[in-house]
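Reader: I am new to this structure. Please take one part of it and walk me through that part closely.

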Amino acid sequence: MVAIYADGAGLDLMKTYAADHRIAGFTTNPSLMRKAGIRNYREFAKQVLDIVDGKPVSFEVLADDFYGMERQAREISDWGPNVWVKVPITNSRGEASVDLIRQLADLQLNITAVM
């Protein structure tokens, strides 16, 4: 089975795709949000969650240090039961975040590792 996730930060397109039964969920990332002019991550996420009608949506942590990643992952996961948190597999210094990802997964947070 193939699941199609719409990738972007455009709210109008998300509205269109939310009604499309072929779209299983949504994903975005900091680069796409920056290009779309998103300034308030929490407000943007709230708007997205209102639009997607319960479909899964992935938001990525912005922090580059493990403490910040953990704090943000916990906060983002509280935004809704359909929220998945993307955690980079390494930070900008090349340090692996595998232990943090395991720790967050052990807390039964919806975690996705990204490269």
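Author: First, a term: two residues are in contact when heavy atoms of theirs lie within 4.5 Å. With that cut-off, residues 24 or more positions apart account for 60% of the contacts with a separation of 6 or more. Keep in mind that this is a predicted model.

Now the setting. The protein has five helices and five strands. Along the sequence they follow the pattern β-α-β-α-α-β-α-β-α-β. The C-alpha trace spans about 40 × 35 × 25 Å along its principal axes. A compact globule of 115 residues would have a radius of gyration near 13 Å; this protein has 14 Å, which agrees. Of the 115 residues, 43% count as buried.

The part to look at is helix H3, residues 41-51. Start with its buried residues. They are Tyr41, Phe44, Ala45, Val48, Leu49 and Ile51. Seen down the axis of H3, these fall within an arc of 155°, so they line one face of the helix.

Turn to the face pointing away from that buried side. There H3 carries the exposed residues Arg42 and Asp50.

What do the buried residues of H3 pack against? Three of the partners are helices: H1 (11-18), H2 (30-35) and H4 (66-77). The others are strands S3 (57-60) and S4 (83-88).

Technical notes:
Residues numbered from 1 in each chain as written. Predicted model: local features only at pLDDT ≥ 70, side-chain atom pairs only at ≥ 80, totals over all residues. Heavy atoms only, no water. Helix = DSSP H or I, 4+ residues; strand = E, 2+ residues; numbered from the N terminus. Rg over C-alpha atoms; globule rule 2.2 N^0.38 Å. Buried < 20%, exposed > 50% of the residue type's maximum accessible area, 1.4 Å probe, protein only. Arc of directions from axis to C-beta.
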